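Here is a friendly briefing to read alongside the model. Please keep the sequence and the 3D view open as you go through the points.

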Amino acid sequence: MNQKNHQAEEFQFQAEMSQLLHLITHSLYSHREIFLRELISNSSDALSKLHFNSLTDPNILGDDGELKIKIDLDEENKTLSISDNGVGMSKEELMANLGTIAKSGTAGFVSQLTGDAKKDVELIGRFGVGFYAVFMVADEVSVESRSYADPQGHRWVSEGTGTYSVEAVDDLPRGTKISFTLKEDAAEFGSKYRVESIIKKYSDFVSFPIELNGEAANQSKALWARPKSEVSDEEYTEFFNYLSHGTGEPLAHLHLDAEAPVQFKALLYLPQESAPHLFNPEERDSKINLYVKRVFIQSDCKELLPAWMRFVVGVVDSEDLTLNVSREVTQHSPVMAKINQYLTKKVMGLLADWAKKDEEKYLSFWKSFGNYVKEGIHTDYGNRDKLLELYRCQSSAHPDRLTSLAGYVERMKPEQEEIYYVFGKNRQAIENSPNIEYFKKNEIEVLYLIEEIDEFVLSGVGQYKEKSLVTIDKADLKLEDNQPEEEKESLQDSAKEQILERFKTTLGERVGEVIPSQRLVDSAATLVAPKDSMGANMERMMKMMDQNFQGSKRVMEINLSHRLIQNLAQILEKDAADSLIDDVIVQLYEGAALLEGNLENPTEMVPRANRLMAMAAELHLKSLA
């Protein structure tokens, strides 16, 4: 066939792409070996896509039906090429996949960089930017590719700086070939032994044969299909790293072989740590790959586990699904529903076993993935009761360890009917809150919720083992009056009414109600939520999401036994026009609002506090004279 002369076109990388290339080639320098892992992974994906398409159209394969990855290494000249006979790419796909942010995931990758090179390198594969790792070891890279659906091939060339070129190339075979010469300081990767070791470490379980200079270089046997007794711990770890694009060990794995109610095999991993982006509400990707009879069908298969389990990494291989299964079919498949039910039960069983028998391991899991369990409590109603047994939080009873709801119930006082909880920014802030005083004095345990999601979750649960879950910052708490008679307020009924009415008049629309308090011991006043309303923190979150949200007016509780309140009542009785009364009332209100994090305008608080302190100092000075 006569060769045609084709003119190369030059294009600019997007600005974000240049930033990405700079980060990869400079920040991750000590982890350069992963370039080969990523190139092999991309080739495997291309082969999987072609294999899947060939299930409905066998003619796609033509006379090139042996799908494999070929690596050609010239040790003397330090050149490498990785080629596959997969789906290949058209000119448009080359430009979209290798030149723009749309396909590369650059924005997500850059936003999640931690500064820790080991953790950052694990983000490369997750964000689909792995191809660019090749520029850590090469100054110039050539990508020749022809799509199975297009007779015309193209060559993409770049030095990984600001530009790349694309030109048409005739007579290319189907698939993609990536070629480059190694940099001088990357010469180690020009050794056959070094390349073999990288393949063994990262890519031994790729589902297609890998040939290195014509020799087999990987097992290409489905690990999950082998008997558990034949798989070593090292192989389990290697496969986990292959799936997760990581380099660490998993917290645990489940190797499952189910015969009924459906036939399938699965290998699931619980990682040690959560990826920083995974709990983002917009990031809902599953980490489970679906195979049918050892044929790759779909990554990110959300139907195999509930959404809150998206931290689980693994493979599921079904014998009861047809090979031409599609995403639309999986969403409504009774087989998938049964697999989901089985896998969910197994994962939750493992967690429940840790929670009962290995507290240290469970708390290690909880530290990384507790928020996912909390999400499950809110969203997975069918498993809510079991998930509540896995819930852990801080408690007033145990300053140095977490507690379970079951542990709280076991410690409840005989007459106690409610499980009490409170939200705060941290443990110290909670223990300094006026609302906790009654519970401290009467040795009633309170659950301390430090993360905002906790209050949201528990407020939606309502009950645990027939015990109501109640936040202590509500106005309608059923509290026993255990205060000794000699410590109770000595105000006359008329004085009580007058001081309460003065609080209401002075504060006006700022509060919904002013009432005597049973919860306060040492403090003069506090703000609480009215009955059937959101707590202060929930309202604060709603205001952040909706500027037009109008929360309920707070209820102000007054400690009529407090010396300050009694002194105010006496001043009120002697001189109702004394401005000191109103200054103190507003200061008490703003102080309470500040403690719960809802003081909107603090500009008048400090001058008023200075004025009150000046008066107190003047009186004290007179008493010393």
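K192 is partly exposed, with a relative accessible area of 22%; on this scale buried means under 20%, exposed means over 50%, and partly exposed lies in between (1.4 Å probe, protein chains only). Its side chain meets that of E215 in a salt bridge, 3.0 Å from N to O. The term stands for a side-chain nitrogen of Lys or Arg within 4 Å of a carboxyl oxygen of Asp or Glu. Please note that this is a predicted model, in which local features need pLDDT of at least 70 and side-chain atom pairs count only at pLDDT 80 or more, while totals for chains, interfaces and linings use all residues. Residues are numbered from 1 along each chain as its sequence is written, and side-chain values use heavy atoms, with hydrogens and water left out.

**Salt bridges**

- The K192 and E215 pair links distant parts of the chain, 23 residues apart: K192 belongs to helix α7 (residues 192–202) and E215 to strand β9 (residues 215–216). Helices (H or I, at least four residues) and strands (E, at least two) are DSSP runs, numbered from the N terminus.
- Side chains of opposite charge can pair when their charged atoms come close.
- The count comes to 30 salt bridges by this rule.
- D300 and K302 form one of them, with their closest N and O atoms 2.7 Å apart. D300 is buried, at 17% relative accessible area, whereas K302 counts as partly exposed at 40%.
- R310 and E375 form another, and here the closest N and O atoms are 3.0 Å apart. R310 lies in the loop between β13 (295–298) and β14 (313–318) and E375 in helix α11, so the pair ties together parts that are 65 residues apart in sequence.
- R310 counts as buried at 4% relative accessibility, and E375 is buried too, at 11%.

**A buried aspartate without a salt bridge**

- D380 sits in the loop between α11 (359–379) and α12 (384–390).
- D380 is buried yet has no salt bridge, and R384, the nearest side chain of opposite charge, is 8.6 Å away.
- The D380 side chain does make a polar contact with the side chain of N383, at 2.9 Å. Such a contact is a pair of N or O atoms within 3.5 Å; within protein, one must be able to donate a hydrogen and the other to accept it, and residues adjacent in sequence count only if both atoms are side-chain atoms.
- Leaving aside neighbours within four places in sequence, D380 is in contact (heavy atoms within 4.5 Å) with P306, W308 and L387.

**The open sheet**

- Nine strands form an open sheet with mixed pairing, in the order β1-β6-β5-β4-β7-β3-β2-β8-β9. Its edge strands are β1 and β9, each of which pairs on one side only.
- Two strands pair if DSSP finds at least two bridges between them.
- β1 (residues 9–12) and β6 pair in the antiparallel sense over four bridges, and E9 stands opposite V166 in β6.
- β5 (residues 153–158) and β6 are also antiparallel, over six bridges, with S165 in β6 as the bridge partner of V157.
- β5 and β6 form a hairpin with four residues between them, and G160 in the turn has a positive phi of about 70°.
- Strand β6 (residues 163–169) is mostly covered, as five of its seven residues are buried.
- At the β9 end, β8 (residues 210–212) and β9 pair in the antiparallel sense over two bridges, and A216 in β9 is the bridge partner of E211.

**Nonpolar cores and the whole chain**

- The largest nonpolar core has 73 residues, and V316, L343, W354, F365, Y420 and F439 have the most contacts inside it. Helix α10 (residues 334–357) gives the largest share of this core, ten residues.
- A nonpolar core is a set of buried Ala, Val, Leu, Ile, Met, Phe, Trp, Tyr and Cys residues joined through side-chain atoms within 4.5 Å.
- The protein chain has 21 helices and 23 strands, and 51% of its 625 residues count as buried.

Methods:
Lys and Arg count as positive and Asp and Glu as negative; His and the chain ends are not counted.
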